[in-house]
Amino acid sequence: MPLSVLTFRDFRVWLGILLLGALLLCPRSARAEGEDRAAIEKITDLNKKALDAYNNLDFEDARRLLKQALDLCSTAGLDKHPIKARTHIHMGVVLIVTKQEELGIKQFRKALAIQPDIQVTKALANPEIVKAVEEAAATGRPGGGGRTGAGGGSPPSPGTGNQAPPVGR
């Protein structure tokens with residue numbers, strides 16, 4: 001048999017294998033994409049419910065809902081997805097407002113590690129939150145400064161108490 005015939009046959013076999021592999025992978029990719037979309041919708045819904053709880057000053061419920069959203073991000077393989085970064089931002093805000101500054105700053109660092117250009121939702125931004133995000137950005141970078149003093153930072157503004165700024169959509 002001539003070499004060109006063997007090469008042509010080999011080419012057809014390999015082409016068939018490649019096409020079969022592509023056909024088998026396509027439905028799986030579409031299914032995975034659909035699962036991602038469903039998970040993202042569920043996580044978005046949990047974030048919205050958490051913000052509603054936050055606006056109603058139910059910080060425990062907000063934290064619980066955001067924890068569910070973060071767990072779902074991990075389960076769905078969305079550890080590097082912007083929705084997880086946004087959820088960390090929301091969790092950080094809830095923690096800062098409940099006077100858990102160090103934990104809040106850690107959440108902001110996690111968000112910045114996923115999405116370095118992420119900003120706090122404007123409706124959630126107050127001077128205390130903005131300062132904490134800036135600190136997270138500064139201490140999260142190589143060569144960034146650490147915290148100073150025992151309490152770190154200035155005391156909260158007068159009248160902030162357990163009051164949360166309203167959240168708009």
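A residue is called buried under 20% relative accessible area, exposed over 50%, and partly exposed in between (1.4 Å probe, protein chains only). The model is predicted: local features need pLDDT of at least 70, side-chain atom pairs count only at pLDDT 80 or more, and totals for chains, interfaces and linings use all residues. Residues are numbered from 1 along each chain as its sequence is written, and side-chain values use heavy atoms, with hydrogens and water left out.

The chain contains five helices and zero strands. Helices (H or I, at least four residues) and strands (E, at least two) are DSSP runs, numbered from the N terminus. The order of elements from the N terminus is α-α-α-α-α. Of the 169 residues, 29% are buried. The accessible surface of the chain is about 10,600 Å² (Shrake-Rupley method, 1.4 Å probe; for residues, only the protein chains shown count as cover). Carbon and sulfur atoms hold 60% of that surface. Contacts (heavy atoms within 4.5 Å) were also sorted by separation in sequence. Among those between residues at least 6 apart, 67% join residues at least 24 apart.

Helix α2 covers residues 59-75. At 1.5 Å a residue, its 17 residues should span 24 Å, and the end C-alpha atoms are 24 Å apart, which agrees. The expected span is 1.5 Å times one less than the number of residues. Buried positions in α2 are F59, A62, L65, L66, A69, L70 and C73. Seen down the axis of α2, these buried residues fall within an arc of 140°, so they line one face of the helix. The arc is that of the directions from the helix axis to the C-beta atoms. E60 and T75 are exposed on the other side of α2. An α-helix has 3.6 residues a turn, so residues three or four places apart point the same way. After α2 comes G77, with a positive phi near 75°.

Helix α5 spans residues 127-140. Its 14 residues should span 20 Å at 1.5 Å a residue; the end C-alpha atoms are 20 Å apart, in agreement. I129, A132, V133, E135 and A136 are the buried residues of α5. They cover an arc of only 160° around the axis, which puts them on the same side of α5. The cover over these buried residues includes α3 and α4. P127 and E134 are exposed, on the face of α5 turned away from its buried side. At the start of α5, a side-chain oxygen of N126 comes within 3.0 Å of the backbone nitrogen of E128.

Helix α4 (residues 101-114) contains Q107. Q107 is buried, with a relative accessible area of 11%. Its side chain forms a polar contact of 2.6 Å with the side chain of H88. A polar contact is a pair of N or O atoms within 3.5 Å; within protein, one must be able to donate a hydrogen and the other to accept it, and residues adjacent in sequence count only if both atoms are side-chain atoms. Leaving aside residues up to four places away in sequence, Q107 touches L70, H88, M91, G92 and L95.

Two loop residues stand out by backbone angle. Most residues other than glycine have a negative phi, and most peptide bonds are trans. L57 is not a glycine, yet its phi is positive, about 60°. L57 sits in the loop between α1 (3-55) and α2. Its relative accessibility is 42%, so L57 counts as partly exposed. K99, also not a glycine, has a positive phi of about 65°. K99 is located in the loop between α3 (82-97) and α4.

Five salt bridges were counted (a side-chain nitrogen of Lys or Arg within 4 Å of a carboxyl oxygen of Asp or Glu). One of them joins D45 and K49 at 3.3 Å, N to O. D45 and K49 are four residues apart in helix α1, about one turn. D45 is partly exposed at 31% relative accessibility, and K49 is partly exposed at 42%. K67 and D71 form a salt bridge of 2.8 Å, N to O. These two lie four residues apart in helix α2, so about one helical turn separates K67 and D71. K67 is partly exposed at 44%, as is D71 at 36%. E128 and K99 also meet in a salt bridge, at 3.6 Å, N to O. E128 lies in helix α5 and K99 in the loop between α3 and α4, so the pair ties together parts that are 29 residues apart in sequence. E128 is partly exposed at 25% relative accessibility. K99 is partly exposed, with a relative accessible area of 42%.
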